[in-house]
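These are my notebook entries on one protein chain.

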Amino acid sequence: LKVQDEAIEDGVYDVPVALMSASNPDKASMAGAAIAPTARVTVKGGKVQYKLNFHSMDINMAGSTEKGHLEKFWVYEGDDKSSRAEAMPGDSYTEEGVSYPGSFSFERAKAGEKNIYARVSVDAMAGFDQDVLVTFDLSLIHISEPTRRTPISYAVFCLKKKKNTVF
């Protein structure tokens, strides 16, 4: 695996991921507690599919703790935040009889991005969507399902044990 000049070889990878504040990238986003620590990243032909997994989170609001659930996830096309596309919800989980998205997937035109601007909607925040910075730690990338460009040929030999006879 080579992570060099932001280029990543074709394959399926598990990459450490975090949601950071878009206005202060050194600080975790309020929605950051809902994201699973690794994202599934599939690279093919220079294009990338990301799958981010989510679960419920505890939100401290005015002295009380409420459960929060990510309901929508949008991805900005670039750093200027002029256009965005809604990520596709995938797996789901149920909590207190209500179903919530357990994952969101989206595609990007180039591999090796360390930061992607996005927007999240959390039910407990009552319509106050927020911008986040999705950060990927490419230095800790892990090959999940490596792909091979050329087939491997195998030769199989059967060896028969010689019997020792005593005269």
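**Entry 1: S21**

I began with S21, which lies in strand β1; strands (E, at least two residues) and helices (H or I, at least four) are DSSP runs, numbered from the N terminus. I note that this is a predicted model, in which local features need pLDDT of at least 70 and side-chain atom pairs count only at pLDDT 80 or more, while totals for chains, interfaces and linings use all residues. Residues are numbered from 1 along each chain as its sequence is written, and side-chain values use heavy atoms, with hydrogens and water left out.

I looked up the accessibility of S21 and found 13%, so S21 counts as buried. The terms are set as follows: buried means under 20% relative accessible area, exposed over 50%, and partly exposed in between (1.4 Å probe, protein chains only). The side chain of S21 reaches the backbone nitrogen of N24 at 3.2 Å. Leaving aside neighbours within four places in sequence, I listed K27, A28, S29 and L133 as the contacts of S21; contact means heavy atoms within 4.5 Å.

**Entry 2: the chain as a whole**

I then turned to the overall make-up. The chain has 14 strands and zero helices, and its pattern along the sequence is β-β-β-β-β-β-β-β-β-β-β-β-β-β. Of the 167 residues in the chain, 37% are buried. I also looked up how contacts span the sequence: among those between residues at least 6 apart, 60% join residues at least 24 apart.

**Entry 3: salt bridges**

How many salt bridges does the structure hold? I found five, a salt bridge being a side-chain nitrogen of Lys or Arg within 4 Å of a carboxyl oxygen of Asp or Glu.

R40 is partly exposed, at 29% relative accessibility.

Another joins D58 and K67, whose closest N and O atoms are 3.2 Å apart. D58 is exposed at 52%, whereas K67 is partly exposed at 41%.

I also noted R108 and E113, whose side chains meet at 2.9 Å, N to O. Are these two residues buried or exposed? R108 is buried at 12%, and E113 is buried at 13%.

**Entry 4: the cavity**

I searched the whole structure for cavities of 30 Å³ or more and found one. A cavity, on a 1 Å grid over the protein atoms alone, is a set of points where a 1.4 Å probe fits but cannot get out. The largest cavity has a volume of about 40 Å³; grid points are joined across faces, edges and corners, and the volume is the space filled by probe spheres set on the points.

Which residues line the largest cavity? I listed I8, V41, Y50, G112, E113, F136 and L138, lining residues being those with an atom within 4 Å of a point. By class, the lining has five nonpolar residues, one polar and one charged. In this scheme Ala, Val, Leu, Ile, Met, Phe, Trp, Tyr, Cys and Pro count as nonpolar, Asp, Glu, Lys and Arg as charged, and the others, Gly among them, as polar.

**Entry 5: two loop residues**

I looked up H69 in the loop between β5 (64–68) and β6 (70–76). H69 is buried, at 5% relative accessibility. Its side chain makes a polar contact of 2.8 Å with the side chain of E95. A polar contact is a pair of N or O atoms within 3.5 Å; within protein, one must be able to donate a hydrogen and the other to accept it, and residues adjacent in sequence count only if both atoms are side-chain atoms. Not counting residues up to four places away in sequence, H69 touches S56, Y93, E95, Y100, S121, V122 and D123.

E96 is placed in the loop between β9 (92–95) and β10 (98–101). E96 is exposed, with a relative accessible area of 78%. Its phi is near 55°, a positive value in a residue other than glycine.

**Entry 6: S105**

S105 is buried at 16%. S105 and P89 are 16 residues apart in sequence and 6.5 Å apart in space, C-alpha to C-alpha. Apart from neighbours within four places in sequence, the contacts of S105 are Q49, Y50, K51, A87 and M88.

Conventions
On a 1 Å grid over the protein atoms alone, a cavity is a set of points where a 1.4 Å probe fits but cannot get out, and a pocket is an open set with protein on both sides within 12 Å along at least five of seven lines; lining residues have an atom within 4 Å of a point.
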